[in-house]
Amino acid sequence: MRLVQVSIPAGKRELVSDVLDSEGIDYMLTDETSGREYTAIAYFPLPTNAVQPILDKLEDAGLGDDPHAVIIDAETDTSRRFEELEKRYTEDSDASEHIAREEITTKAREMVPELQTYLAMTIISAVVATAGLLLDSAAVVVGSMVIAPLIGPAMGTSVGTVLRDRELFREGVKFQFIGGFAAVASSTLFAFGVRYGFLVPPGTNIFAISQVSGRLTPDFLSLVVALGAGAAGVLSLASGVSVALVGVMIAAALVPPAAAVGVAIAWGQPMAAVSSLVLVLVNLLSINLSGLLVLWYLGYQPRSWFELSETRATLVKRIGVLVVAIAVLSVFLGGVTYATVQNATFQNEAQNEIDAALSQEGTPTLLNVDFEGNRAPPFGQSKQVIVTVGRAPGEEYPRLAERLKQRIRRSTGRSVTVQVRFVEIDSA
């Protein structure tokens, strides 16, 4: 529930009373003696979903297009009339179930910290995420998401667009650009320091680190994560509840991929860096797109007809730009997805052929199968198969590598190098 305080200009006291009485709202009126243009102040509790309709009715009754209202989060009202009012607005399917336009705008502004604080928290988050990737620690990566302040600018951009608040929109776009650049730059500098400061063993294969490799091969499922994060952020904001947990979800779509960009640059893997950067951009654009769509679907829009018409045109234009940009970048994601699926299919079929071939040989024991690619992710394909086989002392399996190669080629249609390594197993 909310406690609303409305300042009443001279000559408007009676119309405010008439509106509140007609709606069955308990209210209190006090005289305003500060000498300003207001002569009275009305205080009245409202269910959260009734704030916007009541303010709109007061404006329509003649209070003005820009009434001075203060909306306060309240806990309890024991009045029976408030219970009836709450029940009426709950049962009214036309009543919005979300906070008022003015309140969501204020919340969106408050979610964007000062620039220095925002930069500091973003850089710290990116550095911690980079360390977590190189340590292969999911817990550290999750910790970096908790401190990332990235939800505020994303929500501010969407709210600023839908409610035609140009200043809020520009601030949201600026902070997202600055935050993304700062995250990538700080993770790159930190990764260079780690590599050449010998904080990791020389010759470390970053593609063998699961936390890193997972961010270097993005696919279409990344779109689902980002779209869901943006939609959840807007729904939490519009419901007037805490968005802290949703902020972690948005950070999950942005911070680890940005850190992976820095790691790939520091280790001299430009294609992997481009792959992660595309993931960052797609996620960022998808968060903004879903935010715009959900806010408009929830009914948030300017009140005046003239602003509504202009806002619709602006909204369609920005949604179009976002959709086109995401579609273009998704071509890259499609290529990565196709390459990943093709390689995974080949490896499964090759594994099955190896299992079948060794089962016909009798006693050899398959210990391990490794696949090595011809280039780095995200488009690397398996070109060599290394099969480790256990055998009893003195046993021989002539031309096993050649026979495995032929079976794999017949099954998959691909010719790869096969290397068989024998390990003697003496059991007693």
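Which helix holds Leu115?

1. Leu115 is found in helix α5, residues 115-135. Helices here are DSSP runs of H or I with at least four residues; strands are E runs of at least two, and both are numbered from the N terminus.

2. This is a predicted model: local features need pLDDT of at least 70, side-chain atom pairs count only at pLDDT 80 or more, and totals for chains, interfaces and linings use all residues. Residues are numbered from 1 along each chain as its sequence is written, and side-chain values use heavy atoms, without hydrogens or water.

3. Leu115 counts as partly exposed because its relative accessibility is 33%. Buried means under 20% relative accessible area, exposed over 50%, and partly exposed lies in between (1.4 Å probe, protein chains only).

4. Neighbours within four places in sequence aside, Leu115 touches Phe175 and Ile178. Contact means heavy atoms within 4.5 Å. Gly64 is 51 residues from Leu115 in sequence, and the C-alpha atoms are 35 Å apart.

5. The chain has 14 helices and 7 strands. Its radius of gyration is 30 Å, well over the 22 Å of the globule rule for 428 residues, so the chain is more spread out than a compact globule. That radius is taken over C-alpha atoms; the rule is 2.2 Å times the number of residues to the power 0.38. Along the principal axes, the C-alpha atoms fill a box of roughly 105 × 45 × 45 Å.

6. Of the 428 residues, 45% count as buried. Among contacts between residues at least 6 apart in sequence, 76% join residues at least 24 apart.
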